[in-house]
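Thanks for making the time, everyone. Please have the structure open while I talk through a few computed features of the chain.

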Amino acid sequence: MSPCECKSPCGEKRDNNDVVAGVTEYYSQTLKTSADLKTTACCPAEAMPASHRAVLAEVADEVQAKFYGCGSPIPGDRSIAGLTVLDLGCGTGRDVFLASKLVGESGRVIGVDMLESQLEVARRYVGYHAEKFFGDASRSNVQFLKGYIEDLRSTEPVGVADASVDLVLSNCVCNLSPDKARVFAEVYRVLRAGGEFYFSDIYCDRQLSEAARQDKVLYGECLGGALYLEDFQRLIREAGFSDVRLVHSAPVEVEDARLRELVEGVRFFSCTFRCFKAGGGRSNGKDSTGEE
């Protein structure tokens, strides 16, 4: 998320600095583990392929305990060996480490997050997972960058170059961005021709009230920033994606009584989409930092 000011897809003026501050507080201080959540938004309802579950069993317990995703946005119907993968809003790195094993030593996985508290945990386990997966802590194929998913050019210590990534993942993070259009545009920019945006997120069946959009807990729980499905279809196509496929959808329950009252009459869904960038296959030789 980027600390600028813009209009949301619903047209209301939002101070993005407040959004960033609220999300930072919620994920750095309020939530300690997934047990602290007040809705089922970050409780994946989508079945993970058996091959992925076997890898997940090797991922560190602390990384898994701090996972707040809502789906299974890693292809299970084909090999991703050798690909360059980017995970938006990677948190403590659960999906990054899972993808690390699946792409193998010839592939590469980059995780981006704006929260140092999340990245500190993720970086602590880089060597641990390289040892688990490849037998040598120094042979990691993982890199974590700090920055905003709306501006991947400015992530630290390096930016993500144009047409440098084969597969972009995101797990229940785009809803937290106050500027979804910029996120989708950045994903399209960094993908190679023929690349894929495979992501899970929270959506709603109607526009949310101002009170719901402004509630810090509802926003932190991934519901206050949920896109109306019709807005999503428009924005993703405006970004350039013409081939958009729904993979999975499941209802999300609001268990907290106060939050339920705020969104009375609104239905929420955890949906996984695959969005393809037209073109032919992987590009040539440059890595995701633009270096040969």
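I will begin with the chain as a whole, then turn to one helix pair and to one residue.

This is a predicted model, in which local features need pLDDT of at least 70 and side-chain atom pairs count only at pLDDT 80 or more, while totals for chains, interfaces and linings use all residues. Residues are numbered from 1 along each chain as its sequence is written, and side-chain values use heavy atoms, with hydrogens and water left out.

The chain has 11 helices and 10 strands, these being DSSP runs numbered from the N terminus (H or I of at least four residues for helices, E of at least two for strands). Of its 292 residues, 55% are buried, where buried means under 20% relative accessible area, exposed over 50% and partly exposed in between, with a 1.4 Å probe and protein chains only.

Now the helix pair: helix α7 (residues 180–190) packs with helix α10 (residues 229–238) at an angle of about 40 degrees, their axes lying 9 Å apart; the axes are lines fitted to C-alpha atoms over the stretch in contact, with angles running from 0 to 180 degrees between N-to-C directions. The contact (heavy atoms within 4.5 Å) is made by K180, A181 and F184 of α7 and by F232, L235 and I236 of α10.

Finally, consider D61, which lies in helix α3 (residues 61–65). Is D61 buried or exposed? With a relative accessible area of 66%, D61 is exposed. The C-alpha atoms of D61 and R94, which are 33 residues apart along the chain, are separated by 9.7 Å.
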